Amino acid sequence: FVNENITLGAAYTWLDTEYTEFVAFTTGVGTIAYVGNCEQVILTPTSRGCNVDYSGNELEGAPEHAWVGNARWQANLAGATDYFVEGNVQYQSSRYANSQNLLVFPNYSLFDFRAGIVNDTWDIVAYVDNAFDDDTVKTGFVDGDIPTFAATFRFLNKGTLILPDPRTYGLRLNYRFGGE
(Lines give C-alpha, C1' and ligand atoms only; values in the text may rest on other atoms or scores of the structure.)
Protein backbone atom coordinates (compact mmCIF):
# COMPACT_ATOMS: atom_id res chain seq x y z
CA PHE A 1 0.00 0.00 0.00
CA VAL A 2 1.20 3.49 -0.83
CA ASN A 3 -2.02 5.04 0.42
CA GLU A 4 -5.69 4.02 0.62
CA ASN A 5 -6.06 4.26 -3.19
CA ILE A 6 -2.70 3.13 -4.59
CA THR A 7 -1.14 -0.32 -4.33
CA LEU A 8 2.28 -1.06 -5.81
CA GLY A 9 4.07 -4.39 -6.04
CA ALA A 10 7.34 -5.57 -7.47
CA ALA A 11 9.60 -8.63 -7.42
CA TYR A 12 13.05 -9.20 -8.86
CA THR A 13 15.06 -12.38 -9.35
CA TRP A 14 18.75 -12.64 -10.15
CA LEU A 15 20.10 -16.08 -11.07
CA ASP A 16 23.74 -16.99 -11.61
CA THR A 17 23.43 -20.51 -12.97
CA GLU A 18 26.14 -22.73 -14.34
CA TYR A 19 26.66 -26.47 -14.40
CA THR A 20 29.77 -27.20 -12.38
CA GLU A 21 29.83 -30.92 -13.16
CA PHE A 22 27.43 -32.37 -15.73
CA VAL A 23 28.36 -35.36 -17.89
CA ALA A 24 25.65 -37.26 -19.79
CA PHE A 25 25.58 -40.31 -22.05
CA THR A 26 24.18 -39.97 -25.58
CA THR A 27 24.08 -41.80 -28.89
CA GLY A 28 22.65 -38.78 -30.72
CA VAL A 29 24.98 -37.58 -33.44
CA GLY A 30 23.42 -34.12 -33.32
CA THR A 31 24.06 -33.83 -29.61
CA ILE A 32 27.64 -35.06 -29.99
CA ALA A 33 28.28 -32.60 -32.83
CA TYR A 34 26.73 -29.65 -31.01
CA VAL A 35 28.40 -30.23 -27.66
CA GLY A 36 31.73 -30.75 -29.36
CA ASN A 37 33.23 -33.24 -26.96
CA CYS A 38 32.94 -37.00 -26.71
CA GLU A 39 34.39 -39.59 -24.43
CA GLN A 40 33.56 -42.75 -26.37
CA VAL A 41 31.64 -45.49 -24.56
CA ILE A 42 31.44 -48.96 -26.13
CA LEU A 43 28.22 -50.72 -25.09
CA THR A 44 28.56 -53.75 -27.36
CA PRO A 45 30.86 -54.51 -30.28
CA THR A 46 28.32 -52.84 -32.63
CA SER A 47 26.81 -50.24 -30.29
CA ARG A 48 28.61 -47.10 -29.16
CA GLY A 49 27.88 -43.75 -27.64
CA CYS A 50 29.53 -40.83 -25.92
CA ASN A 51 29.74 -39.21 -22.56
CA VAL A 52 29.44 -35.49 -23.31
CA ASP A 53 30.42 -32.77 -20.85
CA TYR A 54 28.08 -29.83 -20.28
CA SER A 55 30.14 -28.40 -17.41
CA GLY A 56 30.33 -24.61 -17.62
CA ASN A 57 27.05 -24.28 -19.54
CA GLU A 58 24.16 -22.25 -18.16
CA LEU A 59 21.07 -23.90 -16.70
CA GLU A 60 18.36 -24.08 -19.37
CA GLY A 61 15.22 -21.97 -18.98
CA ALA A 62 16.78 -19.78 -16.29
CA PRO A 63 17.05 -16.07 -17.15
CA GLU A 64 19.73 -14.13 -15.31
CA HIS A 65 17.26 -11.31 -14.61
CA ALA A 66 13.49 -11.46 -14.18
CA TRP A 67 11.09 -9.00 -12.63
CA VAL A 68 7.39 -8.28 -12.32
CA GLY A 69 5.66 -5.13 -11.26
CA ASN A 70 2.13 -3.91 -10.81
CA ALA A 71 0.33 -0.73 -9.90
CA ARG A 72 -3.33 -0.41 -8.95
CA TRP A 73 -5.41 2.65 -8.23
CA GLN A 74 -8.77 1.95 -6.61
CA ALA A 75 -11.39 4.31 -5.22
CA ASN A 76 -14.98 4.22 -4.05
CA LEU A 77 -17.68 4.73 -6.66
CA ALA A 78 -20.81 4.38 -4.51
CA GLY A 79 -21.57 2.43 -1.34
CA ALA A 80 -19.67 -0.89 -1.38
CA THR A 81 -18.75 -0.53 -5.06
CA ASP A 82 -15.26 0.54 -6.15
CA TYR A 83 -13.66 1.27 -9.50
CA PHE A 84 -10.02 0.57 -10.36
CA VAL A 85 -7.32 0.87 -12.99
CA GLU A 86 -4.23 -1.36 -12.91
CA GLY A 87 -1.21 -2.25 -14.97
CA ASN A 88 1.14 -5.22 -14.80
CA VAL A 89 4.53 -5.73 -16.42
CA GLN A 90 6.80 -8.76 -16.56
CA TYR A 91 10.32 -9.03 -17.91
CA GLN A 92 12.75 -11.90 -18.49
CA SER A 93 16.27 -11.63 -19.84
CA SER A 94 17.55 -14.10 -22.44
CA ARG A 95 17.73 -17.78 -21.50
CA TYR A 96 18.76 -21.04 -23.09
CA ALA A 97 16.36 -23.71 -24.33
CA ASN A 98 18.50 -26.68 -23.33
CA SER A 99 21.66 -27.73 -21.54
CA GLN A 100 23.67 -27.53 -24.80
CA ASN A 101 23.17 -23.72 -24.72
CA LEU A 102 22.55 -23.55 -28.48
CA LEU A 103 19.06 -22.10 -28.78
CA VAL A 104 18.66 -18.76 -27.00
CA PHE A 105 15.31 -17.14 -26.30
CA PRO A 106 15.57 -13.33 -26.40
CA ASN A 107 14.59 -11.08 -23.52
CA TYR A 108 10.99 -9.90 -23.48
CA SER A 109 8.57 -7.60 -21.66
CA LEU A 110 4.81 -7.98 -21.47
CA PHE A 111 2.31 -5.34 -20.37
CA ASP A 112 -1.27 -6.05 -19.26
CA PHE A 113 -3.91 -3.51 -18.26
CA ARG A 114 -7.24 -3.78 -16.40
CA ALA A 115 -10.01 -1.35 -15.50
CA GLY A 116 -13.29 -2.13 -13.85
CA ILE A 117 -15.99 -1.84 -11.25
CA VAL A 118 -16.03 -4.28 -8.30
CA ASN A 119 -18.03 -5.05 -5.19
CA ASP A 120 -18.59 -8.06 -2.93
CA THR A 121 -21.15 -9.70 -5.25
CA TRP A 122 -20.11 -8.87 -8.82
CA ASP A 123 -17.48 -7.19 -10.94
CA ILE A 124 -17.07 -5.95 -14.50
CA VAL A 125 -13.51 -5.83 -15.79
CA ALA A 126 -12.18 -4.64 -19.15
CA TYR A 127 -8.74 -6.05 -19.94
CA VAL A 128 -5.92 -5.92 -22.49
CA ASP A 129 -3.27 -8.65 -22.28
CA ASN A 130 0.00 -8.24 -24.19
CA ALA A 131 -1.06 -4.65 -24.76
CA PHE A 132 1.79 -3.77 -27.14
CA ASP A 133 1.34 -6.99 -29.15
CA ASP A 134 4.91 -8.16 -28.47
CA ASP A 135 5.59 -11.27 -30.56
CA THR A 136 8.99 -12.10 -29.02
CA VAL A 137 9.34 -15.86 -28.57
CA LYS A 138 8.94 -16.64 -24.87
CA THR A 139 9.50 -20.40 -24.87
CA GLY A 140 10.21 -23.49 -26.93
CA PHE A 141 12.44 -26.52 -26.93
CA VAL A 142 15.09 -28.39 -28.87
CA ASP A 143 13.86 -31.71 -30.21
CA GLY A 144 16.10 -34.73 -29.72
CA ASP A 145 17.79 -36.67 -32.49
CA ILE A 146 15.17 -38.49 -34.54
CA PRO A 147 16.20 -41.96 -35.74
CA THR A 148 15.22 -42.94 -39.26
CA PHE A 149 14.90 -46.35 -40.88
CA ALA A 150 16.77 -49.07 -38.97
CA ALA A 151 18.37 -46.30 -36.85
CA THR A 152 21.13 -46.11 -39.48
CA PHE A 153 20.69 -42.39 -40.11
CA ARG A 154 19.51 -39.65 -37.80
CA PHE A 155 18.08 -36.21 -38.37
CA LEU A 156 19.97 -33.61 -36.43
CA ASN A 157 18.25 -31.70 -33.66
CA LYS A 158 15.77 -28.98 -34.51
CA GLY A 159 14.22 -26.25 -32.44
CA THR A 160 10.53 -25.67 -31.87
CA LEU A 161 9.58 -22.11 -30.93
CA ILE A 162 6.28 -21.22 -29.30
CA LEU A 163 4.97 -17.74 -30.00
CA PRO A 164 3.18 -15.80 -27.26
CA ASP A 165 -0.50 -15.05 -27.39
CA PRO A 166 -1.18 -11.91 -29.44
CA ARG A 167 -2.81 -8.82 -27.95
CA THR A 168 -6.03 -9.99 -26.37
CA TYR A 169 -8.76 -7.75 -25.03
CA GLY A 170 -12.22 -8.23 -23.67
CA LEU A 171 -14.77 -7.67 -20.98
CA ARG A 172 -15.18 -10.09 -18.10
CA LEU A 173 -18.30 -10.27 -15.92
CA ASN A 174 -18.21 -12.17 -12.61
CA TYR A 175 -20.99 -12.91 -10.16
CA ARG A 176 -20.34 -14.58 -6.79
CA PHE A 177 -23.07 -16.86 -5.44
CA GLY A 178 -23.48 -17.78 -1.83
CA GLY A 179 -22.97 -16.17 1.51
CA GLU A 180 -19.93 -14.80 3.17
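Modeller: Cys 50 is buried, with a relative accessible area of 5%, whereas Cys 38 is partly exposed at 41%. Buried means under 20% relative accessible area, exposed over 50%, and partly exposed in between, using a 1.4 Å probe and protein chains only. The model is predicted, so local features need pLDDT of at least 70 and side-chain atom pairs 80 or more, while totals for chains, interfaces and linings use all residues. Residues are numbered from 1 along each chain as its sequence is written, and side-chain values use heavy atoms, leaving out hydrogens and water.

A search of the whole structure gives 1 disulfide, the term being used for cysteine sulfur atoms within 2.5 Å. Cys 38 and Cys 50 form it, with their sulfur atoms 1.7 Å apart. The angle about the S-S bond is -65°, making the link of Cys 38 and Cys 50 left-handed. Cys 38 lies in the loop between α1 (29-35) and β3 (39-44), and Cys 50 in strand β4 (residues 47-53), so the pair ties together parts 12 residues apart in sequence. Helices (H or I, at least four residues) and strands (E, at least two) are DSSP runs numbered from the N terminus.

As for the sheet, 6 strands form an open one in the order β1-β5-β6-β9-β10-β15, with antiparallel pairing; two strands pair if DSSP finds at least two bridges between them. The edge strands, each pairing on one side only, are β1 (6-14) and β15 (168-175). Strand β10 (residues 122-129) pairs with β15 over 8 bridges, and Trp 122 has Tyr 175 in β15 as its bridge partner.
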